[in-house]
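Colleague: Thanks for sitting down with me over this one. Could we go through it together, one question at a time?

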Amino acid sequence: MTQRELAHWARQPWTPIFGLLFSIMLLLVFGFLFGGAITVPGGGDYITFLLPGMLALSMMFGVESTATAMANDARKGITDRFRSMPIGSSSVALGRVGADMANSAVELFVLILGGLLIGWRISSDPPSVALAVVLLLWLRFAMLWIGIFVGLSFRGDGATMAVQVLVWPIGFLSTAIVSAETMPGWLGAIAAWNPLSATASAARELFGNPTGITSGPLADGAVWLALAWPLVLTAVFLPLSARAYRRLRA
């Protein structure tokens with residue numbers, strides 16, 4: 001199943017390429033167009049603050065392609081043909097997850113390289129950097145199960161719309177682009193407890209970058225929250241995805 005998904009991307013590489021270009025565009029827009037007007041609480045360069053947040057945001061944006069692919073397979077009857085074959089019921093979803101994780105690792109590498117080229121710097125030791133990358137991929141793993149559940153539950157264009165409604169507010173109502181301390185108090189509190197904020201803040205801390213945090217739940221426990229939130233999301237949406245798969249009808 002993983003080879004099938006990777007073969008699709010090899011023949012039609014525009015989906016992952018455009019997804020990567022979109023993340024790079026957001027990075028350049030916020031880093032160089034709006035960045036001069038944004039200050040980081042506690043001090044620090046905005047580009048250095050922004051890069052880990054954009055890495056976390058890119059891990060969330062990939063959910064849309066996952067949901068769309070699962071919805072298209074379900075609508076066209078491809079998933080039903082897989083269900084009639086002597087393969088494990090988890091193979092279809094796990095194959096998609098495997099392909100997406102491989103794509104995510106490549107995307108993360110390219111974005112990190114691009115960040116270094118525009119002036120981002122890492123100020124920590126290799127084990128911390130490795131843990132930051134693991135936490136970013138851990139978030140992507142959890143988000144993929146949300147995408148699979150949505151794709152199996154809302155077939156066709158409804159899956160794409162459902163993911164867009166879900167991803168964009170959650171993505172920007174976080175500390176990925178700006179610090180929660182620059183928001184109104186009630187809004188900052190919501191942003192601070194966003195799972196994306198935990199991963200972004202943990203990545204900044206582990207990369208040795210400015211965190212934009214002077215107080216609150218992310219000040220001391222960002223790494224633990226970045227471990228816990230994806231675990232909770234996976235524990236909820238993996239069983240829901242399995243249930244949605246079993247309830248498919250041709």
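Colleague: Let's start with Arg140: is it buried or exposed, and what is its relative accessible area?

Modeller: Happy to, and please keep in mind that this is a predicted model. Buried means under 20% relative accessible area. Arg140 falls below that cut-off, so it counts as buried, with a relative accessible area of 1%.

Colleague: Which side chain does Arg140 meet in a salt bridge, and at what N to O distance?

Modeller: In general, side chains of opposite charge can pair when their charged atoms come close. The rule used here asks for a side-chain nitrogen of Lys or Arg within 4 Å of a carboxyl oxygen of Asp or Glu. Arg140 meets that rule with Glu107, and the N to O distance is 3.9 Å.

Colleague: Which helices hold Glu107 and Arg140, and how many residues apart in sequence are the parts that the pair ties together?

Modeller: Glu107 is itself buried, at 10% relative accessibility. Its helix is α6, while Arg140 belongs to helix α7 (residues 126-153), so the pair ties together parts whose separation in sequence is 33 residues.

Colleague: How many salt bridges does the count come to, and where do Arg96 and Asp100 lie?

Modeller: The count comes to two salt bridges. Besides Glu107 with Arg140, the side chains of Arg96 and Asp100 meet at 2.9 Å, N to O. Both of these residues are buried. They are four residues apart, about one turn of the helix, and both lie in helix α6 (residues 91-117).

Colleague: Let's move on to cavities. How many of 30 Å³ or more does a search of the whole structure find, and what is the volume of the largest cavity?

Modeller: The search of the whole structure finds one cavity of 30 Å³ or more. For the largest cavity, the volume is about 40 Å³.

Colleague: Which residues line the largest cavity, and which helix gives the most to the lining?

Modeller: The lining is made up of Ser23, Leu27, Leu51, Met54, Leu55 and Leu111. By class, five of these are nonpolar, one is polar and none is charged. Helices α2 and α3 (46-61) each supply at least two residues. With three residues, the helix that gives the most is α3.

Colleague: Where is Ser23 placed, and what separates its C-alpha atom from that of Leu55?

Modeller: Ser23 sits in helix α2. At a relative accessible area of 3%, Ser23 is buried. Leu55 comes 32 residues away along the chain, and the two C-alpha atoms are separated by 8.5 Å.

Colleague: Now for the surface: which residues form the nonpolar patch, and what is their accessible area together?

Modeller: One member is Phe18, in helix α2 (residues 14-34). Phe18 is exposed, with a relative accessible area of 53%. Together with Trp14, Ile17 and Leu21, Phe18 forms a nonpolar patch on the surface, and the accessible area of the four is about 440 Å².

Key: Residues numbered from 1 in each chain as written. Predicted model: local features only at pLDDT ≥ 70, side-chain atom pairs only at ≥ 80, totals over all residues. Heavy atoms only, no water. Patch = residues over 30% accessible without salt bridge, like charges linked within 9 Å, V, L, I, M, F, W, Y side chains within 5 Å. Areas by Shrake-Rupley, 256 points an atom, 1.4 Å probe, with all protein chains shown as cover. Buried < 20%, exposed > 50% of the residue type's maximum accessible area, 1.4 Å probe, protein only. 1 Å grid on protein atoms, 1.4 Å probe; cavity = no way out; pocket = protein on both sides within 12 Å on 5 of 7 lines; lining within 4 Å. Points joined across faces, edges and corners; volume = space filled by probe spheres on them. Nonpolar A, V, L, I, M, F, W, Y, C, P; charged D, E, K, R; others polar.
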